[in-house]
Amino acid sequence: MPPSSSLIVSDPDILGGTPVFRGTRVPVDSLIDYLEAGDSLEEFLDNFPSVSREAAIAALEEAKAFLMDRAR
C-alpha cells in the first residue's frame, strides 16, 4: 500500500475508488493510457491541467517502484 503522502489516492467516494491523482478526479490510468498510446507527458499535462508535472512524474516513479518490488 502506498504511504499516506502518496500522490496517488483511492477513495470509494471518488470515481468508485479508482486510483486518482491526489486533489483531482483524474485517474492515474489516464496517464498510463496516454503514454502507451505514444503521447507525450506534455500532451497529458496540457489535457489535464489539474495534474502537476511533479505529480505525474511522482506517480510514474511510484508505479516503477511498485513493479520493481513485485519483481523481487
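Q: Why does Arg53 count as partly exposed?
A: This is a predicted model, and in it Arg53 has a relative accessibility of 35%. Buried means under 20% and exposed means over 50%, with partly exposed in between. The value for Arg53 falls between these cut-offs, so Arg53 counts as partly exposed.

Q: What makes the contact of Arg53 with Glu42 a salt bridge?
A: The closest N and O atoms of Arg53 and Glu42 are 1.7 Å apart. A salt bridge needs a side-chain nitrogen of Lys or Arg within 4 Å of a carboxyl oxygen of Asp or Glu. The distance of 1.7 Å meets that limit, so the pair is called a salt bridge. The structure holds 1 salt bridge.

Q: Which helices does the pair of Arg53 and Glu42 link?
A: Arg53 belongs to helix α3, residues 53-71, and Glu42 to helix α2, residues 41-47. The two residues are 11 apart, and their pair links distant parts of the chain.

Q: Is Glu42 buried, partly exposed or exposed, and how do you know?
A: Glu42 has 38% relative accessibility.

Q: How many aromatic pairs does a search of the whole structure find?
A: The search finds 4 aromatic pairs. One of them joins Phe21 and Phe44, with 6.1 Å centre to centre and 45 degrees between the planes.

Q: Why is the pair of Phe21 and Phe44 called tilted?
A: Rings pair if their centres lie within 6.5 Å; planes under 30 degrees apart count as stacked and over 60 as edge-to-face, with the rest tilted. The centres of Phe21 and Phe44 are 6.1 Å apart, and the angle is 45 degrees, so the two rings form a pair and that pair is tilted. The pair links distant parts of the chain, with Phe21 in strand β2 (residues 20-21) and Phe44 in helix α2, 23 residues apart.

Q: How do you know whether Phe21 and Phe44 are buried or exposed?
A: The relative accessible area is 1% for Phe21 and 0% for Phe44. Buried means under 20%, so Phe21 is buried and Phe44 is buried.

Q: What makes the pair of Tyr34 and Phe44 edge-to-face?
A: The planes of Tyr34 and Phe44 stand at 80 degrees, with 5.5 Å centre to centre. An angle over 60 counts as edge-to-face, so this pair is given that name. Tyr34 is in helix α1 (residues 28-36) and Phe44 in helix α2, 10 residues apart.

Q: Why is Tyr34 called buried?
A: Tyr34 has a relative accessible area of 19%. The cut-off for buried is under 20%, so Tyr34 is buried.

Q: Which residues do ring pairs link into a cluster?
A: The cluster consists of Phe21, Tyr34, Phe44 and Phe48. Ser30, in helix α1, is in contact with Phe44 and Phe48, leaving aside its neighbours within four places in sequence. Ser30 is buried, because its relative accessible area of 16% is under 20%.

Q: How do you know that the radius of gyration of the protein agrees with that of a compact globule?
A: With 72 residues, a compact globule would have a radius near 11 Å; the protein has 12 Å, which agrees. Its C-alpha trace spans about 30 × 30 × 20 Å along the principal axes. Of the 72 residues, 28% count as buried.

Q: In what order do the elements run from the N terminus on?
A: The order is β-β-α-α-α; the protein has 3 helices and 2 strands.

Technical notes:
Residues are numbered from 1 along each chain as its sequence is written. This is a predicted model: local features need pLDDT of at least 70, side-chain atom pairs count only at pLDDT 80 or more; totals for chains, interfaces and linings use all residues. Side-chain values use heavy atoms; hydrogens and water are left out. Helices (H or I, at least four residues) and strands (E, at least two) are DSSP runs, numbered from the N terminus. Buried means under 20% relative accessible area, exposed over 50%, partly exposed in between (1.4 Å probe, protein chains only). Rings of Phe, Tyr and Trp (its six-membered ring) pair if their centres lie within 6.5 Å; planes under 30 degrees apart count as stacked, over 60 as edge-to-face and the rest as tilted. The radius of gyration is taken over C-alpha atoms; the globule rule is 2.2 Å times the number of residues to the power 0.38. Contact means heavy atoms within 4.5 Å.
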